[in-house]
Amino acid sequence: MPTNAEFVVLMNYLGGSNDAGGKMKESGYIHWNSPNTGADNSSGFTALPGGYREPNGNYKDYGN
């Protein structure tokens, strides 16, 4: 796990807090819900969405 300081270095390297997320996210809508604004994966990281599972077994927020 990166430290907060390491995460800040990465974020700044990728253009700051407004741009870094999109540069790490997979583009398109195969896995992400719309809108996937700014996602271009220019860093090559290919971040995918998560979600969570409720105690009753239902999955929520997949694609976000």
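Here is a short tour, stop by stop.

This is a predicted model, so local features need pLDDT of at least 70 and side-chain atom pairs count only at pLDDT 80 or more, while totals for chains, interfaces and linings use all residues. Residues are numbered from 1 along each chain as its sequence is written, and side-chain values use heavy atoms, leaving out hydrogens and water.

Start by selecting Tyr 13, in helix H1 (residues 4-13). Helices here are DSSP runs of H or I with at least four residues, strands are E runs of at least two, and both are numbered from the N terminus. Tyr 13 is exposed, with a relative accessible area of 72% (exposed is over 50%, buried under 20%, partly exposed in between, with a 1.4 Å probe and protein chains only).

Next, pick Lys 25 and Trp 32. The charged end of Lys 25 sits over the ring of Trp 32, 4.2 Å from its centre (the rule: NZ of Lys or CZ of Arg within 6 Å of the ring centre and within 35 degrees of the ring normal).

Move on to the loop between helix H2 (20-24) and strand E1 (52-53), where you'll find Pro 35. Zoom in on the peptide bond from Ser 34 to Pro 35: that bond is cis, with omega near 0°.

Asn 41 lies in the loop between H2 and E1, and its phi is positive, near 55°, in a residue other than glycine.

Last stop: Thr 46, in the loop between H2 and E1.
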